[in-house]
Amino acid sequence: MTEGRRVWAGLQLLDRQLIAHEERLAGCIDDLELIASDDGDQLHVTAILSGPGALAYRLGRRRFGRWLRRVHACASPTGDRDSTRIPFNVVTDIGSDVKLGLDAEETGSASAERWTRDHVISHIPGSGHAPE
Amino acid sequence: MLVIVVSLAVLAWRMVPHPVGAARTYGKYQGKAVTTAKSALSNVETVRLAARTAAAGNAFGPYTTVVISDAEEGLSGVQGTFDSIQPPDDRADALAQDLDALLSDALEHVREARVAVRRGVLDELATVAEPLTDDAGKLDAFKEQHS
Amino acid sequence: MHLSDLLHSQVLGADGASLGSVDDVRLVQDGPLLLPFGAAFRVEGLMVGHRSVGTRLGYVRRGVRGPWLLRIIFAALERRARYVPWDDVVAWDGRTVRVGKRRDELGVVVP
Amino acid sequence: MKKMLQITLGILTAIGGFVDIGDLVANAAVGARFRLGLAWVVLVGVVGIIVYAEMAGRVAAISGRPVFSLVRERLGPGFGLANLVASLFINFLTLSAEIAGVAIALAMVASVHYILLVPFTAVLIWIVVWRLPFERMEQVFGLGGLALLAFMFALVQFGPDWGNVIHQATHPSIAKEENIFTYAYFGIALFGAAMTPYEVFFFSSGAVEERWTRKDLALNRANVYVGFPLGGALSLSIMAIASLVLAPMHIGVDTLPQVALPVAVVSGKIALACAILGIFAATFGAALETGLSAGYCLGQYFGWQWGKYVRPREAARFHVVVIVMVLLGVLVIMTGVDPVKVTEYSIVLSAAALPLTYFPILVVSNDPDYMGDKTNGPVLNFIATLYLGLIVIIALATIPLMIITKAGA
């Protein structure tokens with residue numbers, strides 16, 4: 001990764017599509033985690049936050065966001081209110097989308113996807129057949 | 001967002017069938033009568049055209065049936081809506097009777113055409129639908145006279 | 001801390017006057033190593049203005065080319081914003097960013 | 001050679017896929033009511049969809065980003081979400097209308113009331129979404145839609161005085177019993193029918209499904225520059241034949257079967273059968289497109305795995321969304337709402353919602369970050385800006401007009 005390169009977080013990172021192994025779409029960058037350096041006067045981006053929890057937190061300042069957060073809190077099948085934290089070091093490329101060096105299973109909105117798959121889709125015949 | 005809320009409201013309002021608001025003056029009532037005659041005419045003419053086409057062997061039964069029964073539904077709907085409007089005065093009353101007579105005749109003849117096409121006797125359809133020519137003429141005259 | 005906390009924070013100048021809110025955050029990749037990714041992104045500065053659709057388009061920051069009319073309008077909006085180098089930030093409590101300079105001492109946003 | 005074949009196929013698909021229940025109803029109704037007084041609007045709409053779809057297709061091919069990812073990236077999650085809700089709602093109306101259209105098309109040959117056919121229709125739609133590969137799906141129904149050429153055939157066979165037709169179309173005038181508001185309202189309906197957002201969601205998502213790259217830009221141009229205008233010509237012939245056969249008899253188009261009546265009158269059984277087949281294919285294809293578009297929009301906003309290029313179990317939420325949407329559509333139609341009304345609302349609101357998705361695409365297609373050297377040229381940008389102005393004005397005018405004209409009543 002090119003050292004010293006500059007990006008505008010809002011413009012080039014936030015809301016971008018995450019791509020996991022095998023070109024799987026794996027949620028969006030809903031927020032970024034900032035950690036202060038030891039001396040406390042610098043902020044570093046240490047992780048990508050992805051998933052309904054993070055999106056709800058970000059929209060939380062608006063009425064709708066609070067609503068979304070409540071919905072997510074009760075609707076969240078696995079009961080996890082919090083979003084997935086993806087350590088920044090697994091990022092392999094930043095372009096019009098952001099590529100990650102891990103499986104879609106391990107990322108942001110995976111839990112809801114898994115739940116839908118296991119409880120709904122996989123019960124329908126043909127769900128495992130390749131379309132082509 | 002606002003657009004959606006408003007349009008939702010408009011939509012809900014328009015999609016549920018509701019009687020046309022009462023007409024307070026003769027003029028208003030006459031206006032509604034003309035609109036009614038217009039859409040009635042449209043349905044009658046549809047049936048005539050469909051009947052002629054089917055009789056000429058240019059359309060098959062199922063299609064003709066659908067077109068004609070749609071028109072029948074439309075026509076009775078139009079009549080129902082018109083009857084639901086209170087005539088404001090005696091003149092309007094007379095007007096209502098004239099138009100209602102026309103509508104009832106038309107509906108009767110459309111029904112006959114529908115029965116014929118359901119029986120599948122497409123070649124007779126032209127003769128069965130013949131009276132509709134007269135109905136169409138009258139509706140058209142009514143429309144012209146009152147607008 | 002979340003980036004979105006910073007993004008929505010109010011910004012006060014040295015004279016206590018409001019400069020608006022944080023519209024975007026500029027990152028530079030020169031932080032501690034996060035292998036295999038590389039150096040971490042560090043907050044280098046803030047784009048401070050009055051949140052508007054324009055701030056999401058990047059006519060100035062990313063040199064979006066056209067169309068002419070939109071470029072005129074949104075570049076103008078973007079230039080109303082000020083750029084605050086992180087070194088000029090005195091404090092950030094998660095809601096308010098205090099800057100050690102006044103508006104007129106701050107530059108405009110550059111690519 | 002293979003490339004040529006692919007491009008030809010693409011064009012044919014675009015022609016057939018261009019027309020949906022909105023175009024069928026709007027063009028026939030307007031033709032019967034205003035003759036060719038609004039034909040020019042179809043041209044304006046077709047140019048609009050060309051500009052919009054070309055940009056969306058190019059962005060998808062170059063950056064791999066479909067419409068709704070861009071909506072969120074450029075407008076932010078808040079406004080993007082409002083946008084998502086609006087688009088889903090309109091998309092849902094369109095889907096319902098298309099489902100009704102398919103059922104009605106079947107009813108025209110089965111002589112069963114269409115309501116009874118709606119559930120069956122929905123199952124068919126779902127099976128295709130579930131099983132048929134994307135490209136096959138697009139081709140089957142696109143090519144099937146070509147049967148609508150029966151309308152063009154009937155028009156030619158009718159042999160109107162073309163000079164007069166051209167004159168009518170080029171000298172629009174408002175009939176005495178109409179007023180400027182209804183004229184404008186139906187103008188918007190026609191425009192919305194030609195320039196429907198879901199067509200672009202589907203087009204750009206389809207480009208991603210088919211893994212377009214910069215090598216496919218030629219295909220993109222062919223579809224858009226050749227396919228869409230021919231689709232527009234098809235719409236115009238539906239309008240023209242209605243204006244020639246129905247308008248003189250004071251017949252207004254209130255139902256889908258009436259749309260095909262002129263074809264039967266002029267060209268007989270076979271042509272009628274083709275027209276009905278065409279209506280079936282066009283509405284079925286559009287039902288698939290709108291159903292999938294719902295999944296595309298949601299999936300792209302939230303970043304879910306979406307699309308038919310993976311196994312259903314690998315895009316679980318996407319498929320659930322499609323299923324739920326189709327079921328809701330069935331419910332709406334089963335309540336017995338007038339499908340033609342639903343269609344009219346869907347296209348009018350489509351026109352109203354256009355700026356929401358058009359604007360981000362216009363900006364991104366100028367953004368070197370996404371597009372590299374394939375950003376818009378100055379001419380395209382000029383036209384695209386004019387259209388931005390136009391659709392904003394339309395968006396502002398729609399709701400007031402809807403209320404003034406009692407939705408064109």
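Predicted model: local features only at pLDDT ≥ 70, side-chain atom pairs only at ≥ 80, totals over all residues.
Reader: How far apart are the closest C-alpha atoms of chain A and chain B?
Author: No contact joins these two chains. A contact needs heavy atoms within 4.5 Å. Between chain A and chain B, the closest C-alpha atoms lie 12 Å apart.

Reader: And what separates the nearest C-alpha atoms of chain B and chain C?
Author: Chain B and chain C do not touch either. Their nearest C-alpha atoms are apart by 16 Å.

Reader: How many residues of chain C are in contact with chain A, and what area is buried between them?
Author: On one side, 41 residues of chain C take part. They meet 32 residues of chain A. Carbon and sulfur atoms give 60% of the buried area. That area is about 3,300 Å².

Reader: Which residue of chain A meets C:Arg56 in a salt bridge?
Author: Chain C and chain A have 2 salt bridges between them. In one of them, the side chain of C:Arg56 takes part, with an N to O distance of 2.3 Å. Its partner is A:Asp15.

Reader: Which element gives the largest share of the side of chain C that touches chain A?
Author: Helix 1 (3-8), strand 2 (18-28), strand 4 (38-39) and strand 5 (41-49) of chain C each supply at least two residues. The largest share is 6 residues. It comes from helix 1 of chain C.

Reader: How many residues on that side of chain C are nonpolar?
Author: Sort the side that touches chain A by class. There are 8 polar and 9 charged residues. The nonpolar residues number 24.

Reader: In chain A, where is confidence lowest among the helices and strands, and which residues have a pLDDT below 50?
Author: Chain A averages a pLDDT of 77, and 76% of the residues score at least 70. Confidence is highest in strand 2 (residues 17-19) of chain A, at 90, and lowest in helix 3 (residues 63-75) of chain A, at a mean of 55. One stretch of chain A has a pLDDT below 50, with 9 contacts in the model beyond near neighbours in sequence. That stretch is residues 76-82.

Conventions:
Residues numbered from 1 in each chain as written. Chains lettered and ligands numbered in written order. Heavy atoms only, no water. pLDDT = per-residue confidence, 0-100. Helix = DSSP H or I, 4+ residues; strand = E, 2+ residues; numbered from the N terminus. Buried area = accessible area lost by both parts, 1.4 Å probe. Salt bridge = Lys/Arg side-chain N within 4 Å of Asp/Glu carboxyl O. Nonpolar A, V, L, I, M, F, W, Y, C, P; charged D, E, K, R; others polar.
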